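The sequence and structure come first.

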Amino acid sequence: MTGNYYLGVDVGTGSTRVCVIDDSGEIKGLTVKDIKTWNEKADYYEQSTEDIWDAICYCTTEAVKQAGVDPGQVKGIGFDATCSLAVLAEDTDKPISVCGPDFTDNQRNVILWMDHRPVSQTERINATKHKLLQYVGGSMSIEMEVPKVLWLKENMPTDLFRRCKFYDLADVLTHIATGKETRSYCSAVCKQGFVPVGVDGSVKGWQEDFLQTIRLPELCEDNFRRMGGVHGENGTILSAGQLVGTLCEQSAAQLGLVPGVKIGSGVIDAYAGWIGTVGARVNLEGVNDEAINKDFEKNDLKQAFRRLAAVAGTSTCHLVMSREPKFVPGVWGPYRDVLLEDFWMAEGGQSATGSLLHHVLTTHTSYTKALEAAKAQNLNIFDYLNKRLEDLRKESKAPSISYIARHFFLVGDYHGNRSPIADPRMRGSVVGLSMDSSVNGLTLMYYAAMEFIALQTRHIIEALNTNGHTITSIFMSGGQCRNTILVDLIANATGHPVVVPKYIDAAVVLGAAMLGAKAASADEQSGETEGLWTVMDRMSKSGTLVIPTKDENEKKLLAVKYKIFLRMSKEQQEYRAMVDEAMGEWKK
């Protein structure tokens with residue numbers, strides 16, 4: 001094959017995938033490989049940069065082979081990864097263990113995003129009320145990386161902690177690829193407490209008074225060296241896809257590529273999902289296009305301000321761009337420069353969506369029976385349960401599937417609430433349980449979990465729009481897009497059309513590949529690259545549009561269930577407060 005090609009590397013929670021795209025954004029090769037996670041006790045999740053890099057090397061070799069291109073035709077590579085904390089040694093550049101109490105298993109050097117070990121550290125950080133917290137939704141999430149670093153300091157041997165340098169996972173991958181200590185604005189701003197220079201009086205980006213206050217003065221030493229340094233002084237921090245450097249000889253040999261391939265600054269995986277979805281063209285023939293692209297010229301960046309990217313996987317991230325900062329309680333951000341210089345991003349999210357559905361199914365007594373029935377019909381478990389929902393509707397002569405579950409109510413914050421309540425102590429609750437432990441009971445619970453995902457999506461959008469955003473459409477990506485009942489529920493509950501991308505399972509890795517294309521465009525003298533939105537507009541493919549229901553009864557049902565969902569969420573917090581007040585100092 002002739003032409004230039006670009007590689008996207010996506011490291012998700014449970015797997016790594018690599019794709020090869022051409023100049024038009026067409027995927028020519030795609031390979032996936034599972035990665036290992038250690039979860040030996042509740043709320044502790046660890047991974048390995050060595051295991052992840054091995055998976056990247058395997059997937060790269062296979063994807064390039066599948067694409068049928070010569071390795072020399074690969075001109076750029078972009079990386080995305082979960083917002084997980086990676087730790088290397090300053091003196092050896094080798095992994096350092098994050099696994100207590102002895103910290104000797106150096107293979108386990110990544111604390112995964114969903115690790116909730118630093119509860120007290122997070123509470124102490126938020127108790128400072130430092131002004132930078134307004135840029136993470138008013139409070140720092142337990143999923144962010146500063147609480148995890150503080151936990152390491154308080155649990156590691158002192159000498160070992162002083163040897164550590166810290167990276168977001170996407171940044172450690174560009175480090176391995178190039179040998180450079182470059183960091184990304186996406187990682188530093190979104191997850192590490194970095195406030196871009198000029199924002200709210202920020203001088204160096206890293207906030208020394210904050211780090212001193214939370215008892216991490218070690219990170220301030222030598223101009224914040226262990227976090228990547230200060231841009232333009234002893235460090236380099238870049239926006240998405242800007243040129244980090246070129247592929248070093250060692251990494252090129254491991255990947256089966258040619259040294260010198262241009263490497264773009266990486267992003268958190270959800271942000272790659274934004275890149276891979278919101279530029280999508282939509283076939284609007286015969287459909288009122290007001291919510292999608294009315295009043296916008298072709299390739300007008302302002303289209304993005306009305307488009308919410310919902311990047312759905314184990315969890316779901318909700319991302320929207322704005323020209324000016326918009327502060328939304330319980331929503332992370334606003335973050336400047338993370339994708340485009342001088343533009344702002346807001347990030348809402350649900351801590352468990354794909355994992356919620358998995359949990360609801362696999363913990364039910366009839367799961368094995370349902371799985372066997374699905375296999376007998378040559379269906380996956382979700383298609384089987386969706387079919388069963390339709391069968392139940394017909395059997396009960398109900399006007400809709402939602403009507404079957406009209407008196408069943410579920411709050412699915414099993415792993416805490418990320419947005420907009422921003423309370424890691426939130427848990428699941430159900431009203432309407434019966435003695436039914438059959439497959440029908442499982443089917444009802446499954447539907448309720450999907451309905452919860454849709455109602456909470458509305459909650460997040462309303463929080464964003466109440467505080468200055470103007471979201472009118474949802475651009476969704478991830479495997480959940482294959483679930484037609486779930487996508488319909490999200491459209492119906494929010495009242496907004498949902499766009500499903502061409503590459504349902506590959507929108508995130510496609511976004512990473514677009515970063516590779518941007519890096520490849522770097523001018524040899526100045527290093528300047530093509531605009532990211534221009535790359536997205538050129539490479540994005542048409543998606544499928546899902547329109548909200550026009551059935552007034554369906555809308556009334558979902559509207560009242562939304563009110564009940566809000567009440568159940570609020571009352572759970574009230575119940576905890578009542579108990580805590582009654583118990584006083586008992587445990588203490």
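## Strand pairing

Two strands are taken as paired if DSSP finds at least two bridges between them. The model discussed here is predicted. Strands β7 (residues 85-89) and β8 (residues 110-111) are joined by two bridges and run antiparallel. Across this pairing, A86 stands opposite V110 in β8.

β7 and β8 belong to an open sheet of five strands with antiparallel pairing, in the order β4-β5-β8-β7-β9. Its edge strands, β4 (38-41) and β9 (164-168), each pair on one side only.

Strand β2 (residues 15-21) runs antiparallel to strand β3 (residues 27-34), and seven bridges join the two. One of the residues in this pairing is T16, whose bridge partner in β3 is K33.

β2 and β3 form a hairpin, with five residues between the strands. In the turn, G25 has a positive phi of about 90 degrees.

## Charged surface patch

E341, D342, D523 and E528 form a negative surface patch. Of these residues, D342 lies in the loop between β17 (332-336) and β18 (344-350).

Is D342 buried, partly exposed or exposed? Its relative accessibility is 44%, and partly exposed covers the range between under 20% (buried) and over 50% (exposed). D342 therefore counts as partly exposed.

## Nonpolar surface patch

V579, M583 and W586 make a nonpolar surface patch of about 360 Å². Within this group, V579 is found in helix α19, which spans residues 552-583.

How values were computed
Residues numbered from 1 in each chain as written. Predicted model: local features only at pLDDT ≥ 70, side-chain atom pairs only at ≥ 80, totals over all residues. Heavy atoms only, no water. Patch = residues over 30% accessible without salt bridge, like charges linked within 9 Å, V, L, I, M, F, W, Y side chains within 5 Å. Areas by Shrake-Rupley, 256 points an atom, 1.4 Å probe, with all protein chains shown as cover. Salt bridge = Lys/Arg side-chain N within 4 Å of Asp/Glu carboxyl O. Lys, Arg positive; Asp, Glu negative; His and termini not counted. Charge placed at Lys NZ, Arg CZ, Asp CG, Glu CD. Helix = DSSP H or I, 4+ residues; strand = E, 2+ residues; numbered from the N terminus. Buried < 20%, exposed > 50% of the residue type's maximum accessible area, 1.4 Å probe, protein only.
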